[in-house]
Amino acid sequence: MANVGNQLPTQAVSKPAPGKHGNVLPLWGNEKTMNLNPMILTNVLSSPYFKVQLYELKTYHEVVDEIYFKVTHVEPWEKGSRKTAGQTGMCGGVRGVGTGGIVSTAFCLLYKLFTLKLTRKQLMGLITHTDSPYIRALGFMYIRYTQPPTDLIEWYDGFLDDEEELDVKAGGGCVMTIGEMLRSFLTKLEWFSTLFPRIPVPVQKIIDQQMKARPRKVAQKETQEEEATFAETGRQGERRRSRTPRRTPSPRRSPKRSRSRSHHREKDRHGPSFDRELERERDRQRKEREGRDRDRDRSDRGDRERRRSRSADRNQDRRERSRDRRSERRDKERDGGDDRNRRKDRDHHKDRGTERERSRDKKSRGETDDRRHKDDRERHREERKAKRSSRSRSRERRHKSGEEKSRKRERSHSRERDRERDGEQRSHKRSRSKERSHHQRESSNDHSKHSERRRSQSTE
């Protein structure tokens, strides 16, 4: 497992004192997206690797160990997962916009580091780590995405000539040093199929001036490789010039000549047997080349003959096909003429049949119309008769009802008359009874008066 404690000496880092904030790192730009391309960010957030496996990692040391074991390149997309061939403009990878693909583990872990909110000490531990150059690369990329542009040159200053190599491309094939990668971070906006956050123009001018003032140092390995290539070319040249007369070396000759001279000395030590072996080897190589050339010529001739035969066969096939097509067209034209005549006859017969059917339909329609008219007339007559009968019935009903009403009226009048008569009789009887009672009363009064008079007279 990766050990965070194994770090490079921090004497190369010329970072100023943090000031009041101490170990807290500032965040430049968007505090939620880490200034990532929206396409990359959406793929990171939706990837199962980030949602499931990286969700379980809670500490800085666990994430560093995951980088050590899983990261093999620093490209945003995995190899072969993003196809932009034939796409141009905003649909291609020109301005950081694309169709997406499988996002790399490096960028998933980079965003995981952003979610942990690294401190200054943790970030220094990343960029000075000794176990893997990819841990350092992710630390430098974290600085490029999250730190202010004015602080980038201060972060990268001590590492611009770092000679540690890493392969930054998915699938391999793009080896560069840490220093070269940091110089590309500072001077270029593009990184494979994505974009870094833009650096303001004044800050970019200052960075370019500093980069020009500090040219890249040539590594010792490159000088050794160049010397080896020069030595090999010198040996080959001396072998070619072995038959030419030797010249005495001048004191102003280059190191190449000195090496070739030593080569001649070794050659003289071996003797003529070495020259014979060289000549035999050269003859053998010539024979092999001649045999290869013959085989190639034969294969080329065979290919040409095959192509010719194929072309002849193709031409014959095309001619036969054209003939067949012509014969088919002629047959179709003949059949088409007969078919046209037949169609005309059929159409003529159809027209006659349709005319007959139309005439029959007209006749049937006329008969049906006559029947409808007759039925309508009979219905009108019946309706008129029914109306007349209903009117007569209503009149009779009205007459009967009038007679009944008159009878009722007469009956009511007779009843009223009888009632009046009975009332008069009753009133007459009452008046008579009253008169009788009055007479009786008067008679009784007279009788009483008479009796009283008698009494009085008798008493007197």
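Which residues in helix 8 are buried? They are Ile178, Gly179, Met181, Leu182, Arg183, Ser184, Phe185 and Leu186, where buried means under 20% relative accessible area, exposed over 50% and partly exposed in between, with a 1.4 Å probe and protein chains only. The model is a predicted one, in which local features need pLDDT of at least 70 and side-chain atom pairs count only at pLDDT 80 or more, while totals for chains, interfaces and linings use all residues. Residues are numbered from 1 along each chain as its sequence is written, and side-chain values use heavy atoms, with hydrogens and water left out.

**Overall structure**

- The secondary structure of the protein comprises twelve helices and four strands; helices (H or I, at least four residues) and strands (E, at least two) are DSSP runs, numbered from the N terminus.
- Of the protein's 460 residues, 25% count as buried.
- Among contacts with a separation of 6 or more, 73% come from residues 24 or more positions apart; a contact means heavy atoms within 4.5 Å.
- A search of the whole structure finds zero disulfides, a disulfide being a pair of cysteine sulfur atoms within 2.5 Å.
- Cys108 counts as buried because its relative accessibility is 1%, whereas Cys174, at 25%, counts as partly exposed.

**Helix 8 and its surroundings**

- Eight of the ten residues of helix 8 are buried, so this helix is largely enclosed by the rest of the structure.
- The buried residues of helix 8 pack against helix 6, helix 7 (152–156), strand 1 (165–167), strand 2 (175–177), strand 3 (190–191) and helix 9 (201–213).
- Arg183 belongs to helix 8, which spans residues 178–187, and this arginine is buried because its relative accessible area is 12%.
- Residues up to four places away in sequence not being counted, Arg183 touches Leu160, Asp161, Met211, Arg214, Pro215 and Arg216.
- Met181, with its neighbours within four places in sequence left aside, is in contact with Ala137, Phe140, Val168, Met176 and Trp191.

**The largest nonpolar core**

- The largest nonpolar core has 62 residues, of which Phe140, Met141, Tyr156, Met181 and Phe185 touch the most other members.
- Helix 6 (residues 133–146) supplies the largest share of this core, with nine residues.
- A nonpolar core is a set of buried Ala, Val, Leu, Ile, Met, Phe, Trp, Tyr and Cys residues joined through side-chain atoms within 4.5 Å.
- In soluble globular proteins, nonpolar side chains tend to be buried together.

- The structure holds one cavity of 30 Å³ or more; on a 1 Å grid over the protein atoms alone, a cavity is a set of points where a 1.4 Å probe fits but cannot get out, and lining residues have an atom within 4 Å of a point.
- The largest cavity has a volume of about 30 Å³, a volume being the space filled by probe spheres set on the grid points, which are joined across faces, edges and corners.
- The lining of the largest cavity consists of Leu27, Trp28, Gly29, Asn30, Glu31, Met34, Asn35, Phe114, Tyr145 and Thr146.
- By class, the lining divides into five nonpolar, four polar and one charged residue; Ala, Val, Leu, Ile, Met, Phe, Trp, Tyr, Cys and Pro count as nonpolar, Asp, Glu, Lys and Arg as charged, and the others, Gly among them, as polar.
- Met34 is found in the segment before helix 1 (38–46) and is buried because its relative accessible area is 0%.
- Although Met34 is not a glycine, its phi is positive, at about 60 degrees.
- Most residues other than glycine have a negative phi.

- Phe192 lies in the loop between strand 3 and strand 4 (194–195), and its phi is near 55 degrees, a positive value in a residue other than glycine.
- Phe192 is partly exposed because its relative accessible area is 33%.
- With neighbours within four places in sequence left aside, Phe192 is in contact with Glu75, Pro76, Val168 and Lys169.
- Phe192 and Glu75 are 117 residues apart in sequence and 6.7 Å apart in space, C-alpha to C-alpha.
- Ile206 is found in helix 9 and counts as partly exposed because its relative accessibility is 47%.

Key: On a 1 Å grid over the protein atoms alone, a cavity is a set of points where a 1.4 Å probe fits but cannot get out, and a pocket is an open set with protein on both sides within 12 Å along at least five of seven lines; lining residues have an atom within 4 Å of a point.
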